[in-house]
Amino acid sequence: MGFNDKIVDVNFESLLRIFTVPEAPDSTLGNIEQKLSQNLNEFLREHIVAEEKPLSEIEKDFSNAAIPESPTFVSEHTQHLLDTLVSHSVHTSAPSFIGHMTSALPYFLMPLSKIMIALNQNLVKIETSKAFTPLERQVLGMLHRLIYGQSETFYQQWMHSAEHSLGAFCSGGTIANITALWVARNNALKADGNFQGVEKEGLFNAMMHYGYQGMAILVSERGHYSLKKAADVLGIGRSNLVPVKTDENNRICPNALEDTIKQLKSKNIKPFAIIGVAGTTETGNIDPLDIIADIAQREGCHFHVDAAWGGATLMSNNYRSLLKGIERADSVTIDAHKQLYIPMGAGMVLFKDPTAMKAVEHHAEYILRKGSKDLGSHTLEGSRSGMAMLVYSSMHIISRPGYELLIDQSINKARYFADLIKRQADFELISEPELCLLTYRYVPEKTKQALKVATFEERQQLHQWLNELTQFVQKKQRENGLSFVSRTRLTPVQWNRMETNVFRVVLANPLTSHDILHSVIEEQRQIAQTSHLVLPKIESLTKAILQR
């Protein structure tokens, strides 16, 4: 029988069973639970189909907009999910899928997640979370201490203070960044004399009171797209998220930052926040945080560090110096679902000053009362799950030295892969890894030689065709389903800032071996040789240039 062919009666007794009685161990769902607990990665490898199915075909399985009028047996529906959903999902934990910022998950998170879901706590207030609230406050304290290194006395005073918060747990880096800039905006346009503050009177009245023509946020041109959302939501305007030039290592140029600030101030636009990036999404580079801190302090700007990706590096005593200056930030974003190896939906923003979040404090008599320890009084999101429990558990089970090993192996693996690329006559490293991200592309050996002697026009043409070739290889590799790297577009200094399509890899998965990295390179080489449209054009122009 096909999906939903069996008819199940709708009655209250059967409904009560799905709330109280588990499926039998030999049922489809029971078997899945057993296999997941035995070997999570093996289960995913067996059930996710390698060959890519066109999205238009997958959509046919999800094309009925009618809510079913009769229920389905749990095991039957589970089989339906295996066939239509699981089999065509992305195998983010596969060791050869090195284009994602998600990775393999520790096995213990599966049963612990069941406890978290069963408890179904709502962290917006004490009445619906109880012990989860002090647990989340402790997690925020642990990450705060990792960044800022305050004394034990500091955390005893502030961590569980009803009137304060060291930060906020969020669904991800986007909400964390918005929260940080929300606090920065409100503090920059706070109550003054008869003016009651931007949170009460709005942005127009606030700028009229302070005499500003506009407000601006400054970040490197490698800043994350979530910052545009923040500028939009906060009423600053996306055009006032001002990108600052980066150097050959994709880091913000301090001189360009200072020049940009002068230009804004000459137009009476208030630069109220400067963002340093600690692990850019595209290349994994880290801005000179110490220098940015000096500039922000001098200009009276809120200094926020977007360390959604790179923040976990602080766990490693061997590499935490890469983030020198982060301890001077007013606020820091960290995503636990990246290099802390937590399931999706776990981000945090931490504030150096325990009183900073008073700028966004809100209360409601029926839920968030003054004087209570409700976490929702300082968060943008209302109802939230207890994801902090998984971070808490991981930090105890893995521990800081364990995370150090994971961070160190990922950085060392990226350096190994960068060296491997450099040894290939027909590949080109575009960005050196600072953390565990790097970018590169395929370039035929003779074309490398031709690019050195080509005219400007010839070089542009070759780059255009190489961009097409990169796109072809990346797409074909994804469709083959054996491995995966992502693709992005950079403007490398070594190629005179010409737009360049590149392969991007993230080597955080501890299951990714050196052998797999070799196989990824070899597969890309073989795919490139099958490009019968663009490769002959590249080879023809290359030959003409070298024969001159």
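Setting aside residues up to four places away in sequence, serine 410 touches Gln339, Cys436, Leu507 and Ala508, where contact means heavy atoms within 4.5 Å. This comes from a predicted model, in which local features need pLDDT of at least 70, side-chain atom pairs count only at pLDDT 80 or more, and totals for chains, interfaces and linings use all residues. Residues are numbered from 1 along each chain as its sequence is written, and side-chain values use heavy atoms, with hydrogens and water left out.

Serine 410 sits in helix H15; helices (H or I, at least four residues) and strands (E, at least two) are DSSP runs numbered from the N terminus. With a relative accessibility of 0%, serine 410 counts as buried, a label for anything under 20% relative accessible area, while exposed means over 50% and partly exposed covers what lies in between (1.4 Å probe, protein chains only). Cysteine 436, one of the residues that serine 410 touches, is likewise at 0% relative accessibility and buried.

Next comes the sheet. It is an open one built from 4 strands, in the order S8-S9-S11-S10, with antiparallel pairing; two strands pair if DSSP finds at least two bridges between them. Strand S8 (427-431) and strand S10 (486-490) are the edges, each pairing on one side only. From one strand to the next, the twist averages 40°.

Across from threonine 488 stands valine 502 of S11, and serine 486 has arginine 504 of S11 as its bridge partner.

Helix H18 (residues 514-529) lies across S8, strand S9 (437-442) and S11, and runs at about 30° to S9. Axes here are lines fitted to C-alpha atoms, for helices over the stretch in contact, and angles run from 0 to 180 degrees between N-to-C directions. H18 also meets helix H15 (residues 399-422): their axes come within 11 Å and cross at roughly 35°. On the H15 side the contact is made by Lys413, Tyr416, Phe417, Leu420 and Ile421, and on the H18 side by His514, Leu517, His518 and Ile521. Sorted by class, the contact has 6 nonpolar, 2 polar and 1 charged residues; Ala, Val, Leu, Ile, Met, Phe, Trp, Tyr, Cys and Pro count as nonpolar, Asp, Glu, Lys and Arg as charged, and the others, Gly among them, as polar.

Elsewhere, aspartate 330 lies in the loop between strand S5 (302-306) and strand S6 (331-335), and at 31% relative accessibility it is partly exposed. Its C-alpha atom is 6.3 Å from that of histidine 302, although the two are 28 residues apart along the chain. Beyond its neighbours within four places in sequence, aspartate 330 contacts Tyr148, Cys301, His302, Phe303, Leu350, Phe351 and Lys352.

Cysteine 301, among those contacts, is buried, at 7% relative accessible area. The disulfide count comes to 0, taking a disulfide as a pair of cysteine sulfur atoms within 2.5 Å. For cysteine 301, the nearest cysteine sulfur belongs to cysteine 253, 18 Å away.
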